[in-house]
Amino acid sequence: MTKYLINNKANRNAFSCIFATLIAMSFTLAQSAESTFALADKCPPSFALDNNNQCQLRNLYQLYDSLQDRGLGGLKTALPKHRDGFSPQQIDLGRLLFFDPVLSADKNLSCANCHNPTLGFSDGMDRSVGARGQVSQRSSPTLWNSAFLSVFFWDARAHSLEEQAIGPLFSDKEMANTPEQLLSNLNQVAAYPRLFEQAFPASKDALTIDNTVTALSAFQSSLISLNSAYDRYAHGDAKALSPHELEGLNVFRSFVARCSQCHTPPLFTNQQVAVIGTPEPVGLPRDIGAAETFSAKRLIGGFKVPTLRNIARTAPYMHSGRFATLREAAEFYTKGRGHAVPEGEELLLHWHISDPKLTDTELDRLVDFMGALSDESFMPETPSQVPSGLLNTSTSLAAALEK
Amino acid sequence: MNNKYKVVLAIIIFAGGWIFGSSNNEAPVITSSVGGASYEGGFESEVTVGAVPHRSVAGNIHVVSPGDSIQAAVEAAQPGDTIQVMPGTYSETVYIDKDDIHLVGVIQNGARATLDGLGKLNDAILYSGNNIIIENFRITQYKGNGIMGQAGNNFEIRNNVIVDTGIYGIFPQLGTNGLVEHNVVSGIEDAAIYIGMSDNIHVAYNEVFDSVAGIEIENSRHAIVEYNNAHHNTGGILAFVTPGLPIKTTEDVIIRNNFVSDNNTPNFGAPGSIVSGIPAGTGILVMAADDVIIEGNIITNNKTAGIIINDHSFAPTITMDIQSDPNADRTMILDNVMLNNGYDTIPEVMAVALTELHTGLVDIVHVGPSNGSCIINRHRYRTVGIGDYSECGFTNTDSIDSYLLAGGAQPRVIASSERGEIAYLGVCAGCHSYTGRLIGPSVQVIQAMYADNPQGLAAYINAPIKRRDNFPEMPAQNYLDSETQLAVAKYMLQVSN
């Protein structure tokens with residue numbers, strides 16, 4: 001923070017000209033609020049800082065291999081390839097941007113509104129609410145462990161964190177911004193131009209859409225959740241799971257329930273598209289999902305398999321939040337293949353959607369096991385104030401929900 | 001498939017033959033498969049004995065008798081140990097989440113250790129560890145799988161009798177280097193032996209029958225299927241690419257010297273399952289798999305066809321996957337004995353046959369595009385759709401014994417200094433920051449306490465005790481092996497920010 005003040009050219013300029021005292025005074029007042037924002041020079045936990053000022057991820061799954069390096073398998077299996085290599089400053093700038101409503105057209109929605117850290121980086125709603133109160137078509141997915149994803153959005157339409165970040169920023173139904181408006185808004189916030197310069201020292205023009213998106217991606221890549229009770233069991237602590245959770249693990253990976261065939265460890269998703277035929281909210285038509293992405297009728301109703309890490313934190317469930325609890329979500333799979341597909345509608349259901357006839361006890365154990373996938377030990381700090389000074393509605397929302 | 005178009009095309013071809021008077025009486029090219037060139041593609045063959053590395057030190061033996069729990073013995077066992085299960089009946093799910101365990105049924109006077117799922121239990125044996133042997137069991141009446149592997153490397157599944165058990169009899173998945181041999185598997189609703197998303201596999205000397213699929217190699221590479229007897233299934237031996245799975249290819253599969261006969265059982269696969277689309281009467285089925293060699297099999301009395309090779313478009317019930325290559329390329333058919341196949345085939349095959357004015361028996365049918373496929377002695381068989389197959393430049397696979405890895409798949413080697421950093425940042429950093437309190441005390445405080453005593457810190461990490469009233473109790477990090485515990489202790493004592 002001190003280093004930041006010493007390099008503060010604006011302050012030096014303010015003292016250079018008495019004629020501009022008045023202006024300089026107002027500048028300094030603005031700066032004093034701004035000066036509380038300094039970017040971290042250390043990586044978040046789980047990252048090592050290398051000699052190039054890049055944060056490199058470290059986790060115990062790096063002790064293992066996986067078939068074809070795809071990061072799929074059983075207990076001691078490597079994770080899929082991940083994104084890292086962002087600087088501490090980029091990650092921290094991303095954190096400030098993530099919580100700042102200045103990113104949206106009406107300056108009332110931040111990323112954290114739909115990806116609230118206190119709600120598993122989701123929002124607790126069946127379908128998220130975007131600009132001007134519009135209810136979107138789908139539920140907000142968690143951001144935990146998105147560093148390991150290569151497929152983004154429910155309909156699998158994006159393939160990088162950056163491509164994903166562009167989506168909500170400029171979607172009329174979400175943050176409803178435009179690139180021009182966003183740049184203009186960011187430039188009007190006193191702190192951002194210099195925070196961007198600090199995070200992107202090699203850029204001539206630091207405050208750009210590309211760098212905004214890079215910073216957001218950097219922050220998202222730092223959201224690592226790999227120290228759950230399940231993980232301790234996977235690494236070799238036979239007592240890390242309770243007897244109920246262990247029973248649940250065996251139902252989960254059994255070929256009767258077949259959960260692990262798509263929610264494959266260690267990430268608990270195989271990142272494929274699956275048509276499972278969950279019901280839509282009452283009165284709404286079928287969401288065709290990935291059929292649009294791939295122009296393929298066979299994929300009508302197909303969605304990306306979501307990770308189950310921290311799943312207990314992100315109710316309600318499925319692409320449109322149709323199920324309020326994990327128990328209901330699990331129960332869907334045992335009510336019969338296609339039971340919720342309206343008569344006359346043809347869906348090419350996934351081959352693992354079967355009729356497993358799970359008992360009530362088995363469903364309870366599955367819920368127990370999914371609870372053992374929770375870990376928020378590397379939770380990032382929510383800034384008490386954001387550079388724009390705008391009200392951080394997500395935190396007040398969380399407070400309201402907790403009440 | 002536009003069959004109308006094909007019929008028109010066939011008539012043109014037929015007319016051409018009539019006009020130009022092609023002769024059917026020329027002596028065919030006869031190629032001897034004895035002593036000729038051997039296949040040189042594929043995985044570099046190594047001389048190996050088994051898939052599980054030999055133990056240099058014998059571990060403990062845990063004997064389980066009827067009335068005891070096999071799982072309790074697994075939990076008591078250390079890597080390197082052997083569990084011997086005496087004859088008798090056991091009703092439990094056994095799961096092996098540790099490495100290097102040999103689970104051995106004892107056969108006495110023909111009586112086996114029997115795992116009976118009573119129609120209620122899910123799977124009989126699950127394993128996730130490396131270097132696992134499972135042999136000599138009888139498994140029956142489970143709802144899920146008989147023996148299921150999830151990502152374990154180096155496995156041997158041998159001499160088991162699996163009867164009337166659920167979805168798959170033997171199903172290793174996402175593993176490298178495995179041997180499945182001398183098993184007798186029957187009455188399975190999907191595949192009796194199913195190799196899923198795996199590499200370097202050997203399936204030999206098994207008898208598979210009365211199941212929907214006998215042996216299935218799916219989204220796997222470098223597999224040899226030999227000397228098996230696949231009979232009275234819906235389909236005998238399959239090499240598949242199933243779209244929608246995260247690992248996308250099946251390549252380099254040798255199917256040789258098997259009996260594949262009478263696979264005419266009506267399909268009783270679950271609705272929607274991939275195998276539910278297999279027509280009864282299928283001997284060998286290659287779907288979208290590449291570099292498959294079919295050699296030396298005796299293929300008889302399969303009513304749809306002896307060998308079907310097709311692309312994904314021939315299977316209308318499977319999903320769309322742009323990352324999945326739909327075509328079966330480089331199928332290589334060497335000498336096989338084929339008798340009485342395709343005597344009661346399906347309309348889809350008849351339609352393709354009609355395009356070539358082929359009627360009657362069908363030994364081999366290829367549907368869909370094919371690049372680089374070949375065959376020898378094609379004149380011996382009743383064939384459809386192999387007009388663009390070239391003559392193979394080799395006649396046998398004698399130079400290849402096995403695709404198993406000599407010495408087994410090796411674990412990733414991580415230097416102990418690197419282990420220390422990985423564990424420190426991956427685990428400790430969640431609760432301990434360098435300065436100041438996070439959840440536990442700061443690293444500086446810990447460094448002051450254990451300055452020259454990494455062993456002491458490692459011991460504490462292994463079994464922490466509560467020292468500070470105002471701090472939560474630290475969970476034991478005893479899942480880390482002792483080498484990693486010491487490495488992380490040393491690492492923690494030298495960090496400087």
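B:Phe171 is buried, with a relative accessible area of 0%, where buried stands for under 20% relative accessible area, exposed for over 50% and partly exposed for what lies in between (1.4 Å probe, protein chains only). This is a predicted model, in which local features need pLDDT of at least 70 and side-chain atom pairs count only at pLDDT 80 or more, while totals for chains, interfaces and linings use all residues. Side-chain values rest on heavy atoms, with hydrogens and water left out, residues are numbered from 1 along each chain as its sequence is written, and chains are lettered from A and ligands numbered from 1 in the order in which they are written.

**Aromatic pairs**

- Rings of Phe, Tyr and Trp (its six-membered ring) pair if their centres lie within 6.5 Å, and planes under 30 degrees apart count as stacked, over 60 as edge-to-face and the rest as tilted; by this rule there are 26 aromatic pairs over all chains.
- A:Phe98 and A:Phe121 make an edge-to-face pair, at 6.0 Å centre to centre and with 65° between the planes.
- This pair links distant parts of the chain, 23 residues apart, with A:Phe98 in helix α4 (residues 88-98) of chain A and A:Phe121 in the loop between α5 (111-114) and α6 (161-170) of chain A; helices (H or I, at least four residues) and strands (E, at least two) are DSSP runs, numbered from the N terminus.
- Both A:Phe98 and A:Phe121 are buried.
- The ring centres of A:Phe255 and B:Phe171 are 5.4 Å apart and the planes stand at 90°, so this pair is edge-to-face.
- Because A:Phe255 lies in the loop between α11 (243-253) and α12 (259-262) of chain A and B:Phe171 in strand β13 (residues 168-173) of chain B, the pair joins two chains.
- A:Phe255 is buried, with a relative accessible area of 1%.
- A cluster linked by ring pairs holds A:Phe98, A:Phe99, A:Phe121, A:Trp144 and A:Phe219.

**Charges over rings**

- A charge sits over a ring if NZ of Lys or CZ of Arg is within 6 Å of the ring centre and within 35 degrees of the ring normal; A:Arg157 lies over the face of A:Phe153, at 3.7 Å from the ring centre.
- In chain B, B:Arg468 lies over the face of B:Phe471, at 5.8 Å from the ring centre.

**Strand β5 of chain B**

- From strand β5 (residues 102-105) of chain B, B:His102 and B:Val104 point one way and B:Leu103 and B:Gly105 the other way, and all are buried.
- Strand β2 (residues 82-85) of chain B runs parallel to β5(B) and is joined to it by four bridges, where pairing requires that DSSP finds at least two bridges between two strands.
- B:Leu103 in β5(B) has B:Ile83 opposite.
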